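Me: Hi! I'm new to this structure, so please walk me through it in plain words.

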Amino acid sequence: MLCTRLTNARFLTMDPRHPVAHDLGIWRGRIVGVDEAVTSLPARRVVDLGGATVLPGFIDSHVHLAWAGLKAGAPSVAPCERIEDILAVVDAAARRPAPAGAWVEVAGYDQRALGRHLTAAELDRVSHGRKVFLMHDSGHACVVNTAVLELLPDGTPHEDGFLAESAMTAARRLRLPYSQEELADAIEKAARACLDEGVTACAEAGIGGGLLGHSPVELGAYQLLRDRGRLPLRVQLMASGDTLRPRAAHPDDGFPRSLDLGLRTGFGDDWLSLGALKIYTDGGMMARTAALTSPYEGTAGDTGCFQDEPERIAALIVDGHLAGWQLAVHAIGDRAADLALDALERAQRLRPRPDARHRVEHAGLIRPDQLPRFAALGVSAVVQPNFLRSFGDDYATVMGEGRADWMYRGRGFLDHGVELVGSSDRPVTDGSPLRAIQFMVERLSLSGWSIGPDEAVTVDEALRAYTVAGARACRWEDAAGALAAGKRADLVVLGDDPHRVDPSRIGDIQVLATYVDGRDARADT
């Protein structure tokens with residue numbers, strides 16, 4: 001007997017053996033089959049979906065759940081466009097009662113509307129004796145007041161309180177880590193927002209260190225949720241690259257650095273597991289720190305920056321590969337992509353691993369000559385289409401006419417045989433997979449600016465990026481990404497079929513239900 005049979009729906013299975021179905025059977029959280037394989041079977045519960053469209057649950061292959069949840073609960077200066085308005089928000093936040101030594105942390109900072117960055121001196125006027133930290137929306141920079149600057153290690157680079165990349169990391173390390181309880185609450189809040197948008201599984205892009213690690217014992221917060229039955233979707237955790245340590249392992253093991261106990265990609269279960277090792281090469285376009293081979297338009301030779309000395313970054317990539325990890329290498333600019341591809345090529349020469357499934361996160365600006373290298377190395381491109389939907393006008397301007405078409409590619413990757421994987425980088429911008437899919441098909445920013453129209457893909461190809469390709473990038477293809485017998489009963493119920501509406505309406509399709517493990521996870525909240 002089935003636990004549940006879903007009927008009267010248009011199931012877009014993403015399984016080429018049976019692309020469309022009308023019935024789907026579930027037993028103990030797994031799909032038994034579709035159509036004639038299940039239609040005549042008895043079921044404890046039959047759910048009539050009223051002609052809705054059903055897809056495999058969306059997989060968001062690059063998110064920051066803890067950051068998203070913390071940001072949602074913090075005072076925000078978005079969408080302030082005047083310095084005095086930002087200072088008023090900081091002033092109000094600094095006046096709130098707080099334990100002794102507590103920092104004032106404010107979200108939503110973006111200098112572009114202001115025309116310049118805030119300064120430490122301006123923040124000092126509204127700090128009321130407290131340490132102030134304004135997080136840049138990109139996650140790659142911040143502005144702090146003098147009370148924070150005075151605590152930074154000597155030689156930490158800053159511009160009147162503006163700290164980018166490793167300098168920001170130095171400032172974040174001054175404050176106490178968040179507690180596991182605080183992080184658990186934030187993660188759960190962000191995960192439920194994912195469910196509302198049809199996401200049933202995601203990859204948390206860097207815990208325990210790096211730019212966005214919130215605690216050296218951050219994994220424990222996810223375990224708390226799992227143990228208490230409060231983890232509402234499946235999560236794969238990327239360990240930050242700087243959590244690797246030299247280990248005196250047996251020489252035959254062949255790796256110089258690893259996590260404690262030799263943990264690596266694949267440890268865990270269907271709900272919570274270790275995924276790739278996250279390694280940063282450069283910054284981001286919004287903060288103007290993505291590493292480019294040619295300068296940003298309108299600058300005096302600014303080509304962005306690397307997170308560390310290139311040789312040290314490359315060595316970490318090679319060591320991670322030797323230790324058996326799948327690698328998720330953050331590379332937004334084309335110069336950063338060169339560094340990543342060179343290091344991955346060297347690593348594969350030293351120890352060939354044909355199914356390593358290394359990933360380049362973002363791949364924000366990729367030259368035509370770099371596309372064959374992605375393909376030759378078997379590296380997937382984990383892109384964030386909503387970056388261009390939200391920020392495309394600005395990005396196209398700073399890249400200039402000659403490079404704007406190379407940003408967050410779609411067709412170029414697919415035509416070269418590169419796995420195209422969709423993600424959001426939540427909370428940097430809109431996390432909705434449907435709105436991202438709309439952009440991938442239309443290539444139009446919110447203002448209507450056409451950005452790289454030749455990089456447009458079909459609706460099927462865009463859906464694949466958030467289902468089949470996402471599952472493969474996270475090594476879940478045996479259990480997720482399609483609606484087929486034996487796979488997890490994780491699916492999203494939509495109010496319309498993305499193929500049957502005008503592309504401009506895809507992002508507005510209603511998410512009616514999100515099933516995880518065979519149950520409507522939104523109804524269970």
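Reply: One term first: two groups are in contact when their heavy atoms lie within 4.5 Å. Also keep in mind that this is a predicted model.

Me: Got it. What covers the buried residues of H9?

Reply: The cover includes helix H8 (310–322), strand S16 (327–331) and helix H10 (371–377).

Me: And which residues of H9 are buried?

Reply: They are Asp334, Ala336, Ala337, Asp338, Leu339, Ala340, Leu341, Ala343, Leu344, Ala347 and Gln348. Buried here means under 20% relative accessible area.

Me: How far does H9 reach from its first C-alpha to its last?

Reply: Helix H9 covers residues 334–350, which is 17 residues, and reaches 24 Å, close to the 24 Å expected at 1.5 Å a residue.

Me: Let's switch to helix packing. At what angle do H6 and H7 pack?

Reply: Two packed helices are described by the angle between their axes and the distance between the axes. For H6 (residues 180–196) and H7 (residues 219–227), the angle is about 65° and the axes are 8 Å apart. That makes H6 roughly perpendicular to H7, and H6 passes H7 in a right-handed crossing.

Me: Which residues make that contact between H6 and H7?

Reply: H6 brings Gln180, Glu181, Leu183, Ala184, Ile187 and Glu188, while H7 brings Gly220, Ala221, Tyr222, Leu224 and Leu225. Sorted by class, this contact has 7 nonpolar, 2 polar and 2 charged residues.

Me: How do H1 and H6 cross?

Reply: The axes of H1 (residues 65–72) and H6 come within 7 Å and cross at roughly 95°. H1 and H6 are therefore roughly perpendicular to each other. The H1 side of the contact is Leu65, Ala66, Ala68, Gly69, Leu70 and Ala72, and the H6 side is Leu183, Ala186, Ile187, Lys189, Ala190, Ala191 and Cys194. These residues divide into 11 nonpolar, 1 polar and 1 charged.

Me: Is Cys194 buried or exposed?

Reply: Cys194 is buried, with a relative accessible area of 0%. Leaving out residues up to four places away in sequence, Cys194 touches Leu65, Val199, Leu233 and Arg426. The C-alpha atom of Cys194 is also 8.8 Å from that of Asp60, although these two are 134 residues apart along the chain.

Me: Arg426 makes me curious. What is the peptide bond from Arg426 to Pro427 like?

Reply: That bond is cis, with omega near 10°. Pro427 is in the loop between strand S19 (420–422) and H13. A cis peptide bond also joins Ala78 and Pro79, with omega about 5°; Pro79 sits in the loop between H1 and helix H2 (83–95).

Me: You mentioned H13. How do the axes of H11 and H13 cross?

Reply: The axes of H11 (residues 385–399) and H13 (residues 433–442) come within 8 Å and cross at roughly 80°. That makes H11 roughly perpendicular to H13. Pro385, Asn386, Leu388 and Arg389 in H11 meet Arg435, Ala436, Phe439 and Met440 in H13.

Me: Last topic, backbone angles. What is the phi of Asn8?

Reply: Asn8 has a positive phi of about 55° although it is not a glycine. Asn8 is in strand S1 (residues 2–12) and is partly exposed, at 38% relative accessible area.

Me: And where does Glu165 lie?

Reply: Glu165 is in the loop between strand S10 (162–164) and helix H5 (166–172). Its phi is also positive, near 55°, and Glu165 is buried, with a relative accessible area of 2%.

Notes: Residues are numbered from 1 along each chain as its sequence is written. This is a predicted model: local features need pLDDT of at least 70, side-chain atom pairs count only at pLDDT 80 or more; totals for chains, interfaces and linings use all residues. Side-chain values use heavy atoms; hydrogens and water are left out. Axes are lines fitted to C-alpha atoms, for helices over the stretch in contact, and angles run from 0 to 180 degrees between N-to-C directions. Helices (H or I, at least four residues) and strands (E, at least two) are DSSP runs, numbered from the N terminus. Angles under 35 degrees count as roughly parallel, over 145 as roughly antiparallel, 65 to 115 as roughly perpendicular and the rest as oblique. A crossing is left-handed if the near helix is turned anticlockwise from the far one by less than a right angle, and right-handed if clockwise. Ala, Val, Leu, Ile, Met, Phe, Trp, Tyr, Cys and Pro count as nonpolar, Asp, Glu, Lys and Arg as charged, and the others, Gly among them, as polar. Buried means under 20% relative accessible area, exposed over 50%, partly exposed in between (1.4 Å probe, protein chains only). The expected span of a helix is 1.5 Å times one less than its number of residues.
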